[in-house]
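Colleague: Could you walk me through the aromatic rings in this one?

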Amino acid sequence: MGKSAAKQRIYWFEPWFFLLFGLFHLHRIWGLFDRRGYAGFWLGVLEERGALYFALMGLLAALCFAGLWAFFRCRRDNPWWRWLYVFGGGYVLWDLFAIAAGLDFWRALLYGMFDVSSPLWNLIWGGFTALGGGVFLLGLFLLRQRTRGL
């Protein structure tokens with residue numbers, strides 16, 4: 001055995017963190033089939049800053065803070081996947097901050113990512129989709145582990 005209780009414990013929200021982030025990234029497959037519709041929708045969400053925008057920002061931020069809490073709570077004995085909270089969650093929190101603060105260079109980056117004529121479009125959104133698939137599978141694995149009491 002030799003595993004500490006902190007390492008074995010999977011908090012209730014952890015599988016859902018990865019499942020929801022996985023689904024959020026998997027939806028980007030839409031962008032591989034309908035560039036204009038996908039870019040138009042998300043740029044509209046960013047520009048309008050309506051209810052969907054604030055609900056997503058709040059949910060993503062809450063999940064990231066919860067993940068960081070779990071990481072630091074178990075900082076001496078974390079499983080490898082909790083490092084995703086630091087790197088992935090840290091990136092998402094930066095992204096949310098930069099969008100909310102209206103940082104010009106970040107806005108230019110986002111608009112570049114949503115440029116439907118970019119030769120990198122499929123690489124960018126295909127990469128996010130693949131990331132989503134992996135993260136979703138990790139969420140399923142953690143959910144299975146948690147329901148087994150590991």
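**Aromatic rings**

Modeller: Let's start with a group: Phe24, Trp30, Tyr38, Phe41, Trp42, Phe114, Trp121, Trp125 and Phe128 make up one aromatic cluster. This is a predicted model, so local features need pLDDT of at least 70 and side-chain atom pairs pLDDT 80 or more, while totals for chains, interfaces and linings use all residues. Residues are numbered from 1 along each chain as its sequence is written, and side-chain values use heavy atoms, leaving out hydrogens and water.

Colleague: Which ring does the charged end of Arg28 sit over?

Modeller: A charge sits over a ring if NZ of Lys or CZ of Arg is within 6 Å of the ring centre and within 35 degrees of the ring normal. The charged end of Arg28 is 4.6 Å from the centre of its ring, and that ring belongs to Phe128.

Colleague: How many aromatic pairs does a search of the whole structure find?

Modeller: Rings of Phe, Tyr and Trp (its six-membered ring) pair if their centres lie within 6.5 Å; planes under 30 degrees apart are stacked, over 60 edge-to-face, the rest tilted. Searching the whole structure on that basis gives 29. One of them is Phe17 with Phe21, 4.7 Å centre to centre with 40° between the planes, so it's tilted. The number of aromatic pairs is 29.

Colleague: Is Phe17 buried or exposed?

Modeller: Buried means under 20% relative accessible area, exposed over 50%, and partly exposed in between (1.4 Å probe, protein chains only). Phe17 has a relative accessible area of 4%, so it is buried.
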